[in-house]
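Subject: Handing over the structure

Hi there,

Here is the structure I promised to pass on. Have a look at it, and then read my notes below.

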Amino acid sequence: MSTRWYPLYQTGGPQLRVFLPNFWMKLVRPTHDQPQNVVQFSCSMEMTTPDIKNYLEKIYNVKTIDIRTRIALGKTKKQPGKGYIIKDDDIKYAYVTLHSSQKFDFPDLFPERKEDEADKRTMDEIKDGFKKYLETTKNRPNLPGWFSI
Amino acid sequence: MFYNKLLSKIFNACSGNSGLKSASLRNTSAKYISTTARRDDLNEFFDIKENWGVPEVKSGRGWTKDDLRIKSNEDLHKLWYILLKERNMLLTMEEEAKEQVKLFPSPERLDKVRDSMKNLEDVVRERNKAYHLLETGKDGERPVEKYINPFGMNATKRLYEYPLPKHMNKKWLENHVPYKENNKDIQQFQLKLGENTFMYKKRKRTRDFNHVIGLLNRFPNMDMEALKGQYPDVDIEKAKRSRKYKGWD
């Protein structure tokens, strides 16, 4: 369950091996509407369905009922300004079905925050400064801003 | 906070069957550790709720090799999974930030996790090597073989275990292209390769020689030892005899 080569056989003893999987998984917002107990992941390209099942069950303690995967083709497009064609990487998506009693809604991870006091103050200062600048340069058009007495 | 969180997680994980080291460590530094509750579900893929929509998330340094060398194998194994989860969390947050066209706060966290994981792997490898050297006299690394590739150039390859020997492995025999000395194309290629390397070396020699003359002209009181050290192939006496040299000696 990792992208590494299988460890070599060493002479003697029990074969002592440390297992450090290096697969990654991202929980992504579903591309299409899904039932409430289906979660969409994007994962390492080398991962198979049993891998995903074990990964979620052993590391995250999430029980899965069914897993389906697909590989989304990366977009092909022209390099802007150059003309040659480039292609984005393919992405492996996994659709994981949880037990029907479980529900998962993708949370709003970047909620709108109220403007901080400090931000507002600096913004006001900038606005005041610009007003002052407009007033001072009102009577001398076509001259640069730094041209002043 | 990142560092503390990880530490606390490790200590939580170790508390079941703690060794001597972790017990003593816990006693000495228990004051400074803030514990976070373990969340055993899909919410582990997201950052804690206080960090949602925040412009900056404060984090400590990652794990250095020296930090990891004093840890037991068990601790390292647990830490790997903690780092793995942290990386998954950060990747998820980054992806969602991209989706929402928002700024991903403190992206340096990803680098810290990546470096920590790299360090952890290196430390495990160090221990592995030391163990195998003690037990078998070999470091247990994958052997590397030097060979001449089909183009007649020197190359190296990492060896792999095959279930069949070479002469019985039909697929390997089909795909394997040996180096043929008398092949005309290869000979032509070798000739051109030799010419290419020869010209490269020759041009480099001339370039360095002229550059040294330029340096001597611009900086007449230069440290000659340093110059000799940097350009060992250049004969400085000969450079001073050149007509391009404008100094008097």
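Let me start with one residue: Asp111(B) is partly exposed, because its relative accessible area is 37%, and the classes are buried for under 20%, exposed for over 50% and partly exposed in between, using a 1.4 Å probe and protein chains only. Asp111(B) sits in helix 5 of chain B; helices are DSSP runs of H or I with at least four residues, strands are runs of E with at least two, and both are numbered from the N terminus. Arg87(B) is 24 residues away from Asp111(B) along the chain, and their C-alpha atoms are 9.5 Å apart.

Before you go further, note that this is a predicted model, in which local features need pLDDT of at least 70, side-chain atom pairs count only at pLDDT 80 or more, and totals for chains, interfaces and linings use all residues. Residues are numbered from 1 along each chain as its sequence is written, chains are lettered from A and ligands numbered from 1 in the order in which they are written, and side-chain values use heavy atoms, with hydrogens and water left out.

Now chain B as a whole. You'll find nine helices and two strands in chain B, and from the N terminus the order is α-α-α-α-α-β-β-α-α-α-α. Of its 249 residues, 31% are buried. Chain B exposes about 17400 Å², with 53% of that coming from carbon and sulfur atoms; the areas come from the Shrake-Rupley method with a 1.4 Å probe, and for residues only the protein chains shown count as cover. If you take contacts (heavy atoms within 4.5 Å) in chain B between residues at least 6 apart in sequence, 60% join residues at least 24 apart.

Chain B is also split into domain 1 (42-141) and domain 2 (181-249), with bounds from an automatic or database domain assignment. The C-alpha centres of these two domains of chain B lie 47 Å apart.

Next, the largest pocket. A pocket here is an open set of points on a 1 Å grid over the protein atoms alone, where a 1.4 Å probe fits, with protein on both sides within 12 Å along at least five of seven lines; lining residues have an atom within 4 Å of a point. The largest pocket holds about 1200 Å³ of space, a volume being the space filled by probe spheres set on the points, which are joined across faces, edges and corners. By type, the lining has 13 nonpolar, 10 polar and 11 charged residues; Ala, Val, Leu, Ile, Met, Phe, Trp, Tyr, Cys and Pro count as nonpolar, Asp, Glu, Lys and Arg as charged, and the others, Gly among them, as polar.

- Asn142(A) comes in the segment after helix 2 (117-136) of chain A. Its phi is positive, near 60°, though the residue is not glycine, and Asn142(A) counts as exposed because its relative accessibility is 80%.
- Asn61(A), also not a glycine, has a positive phi of about 60°. Look for Asn61(A) in the loop between helix 1 (49-59) and strand 3 (66-72) of chain A.
- Asn175(B) belongs to helix 6 (residues 170-175) of chain B and is exposed, at 55% relative accessible area.

Cheers
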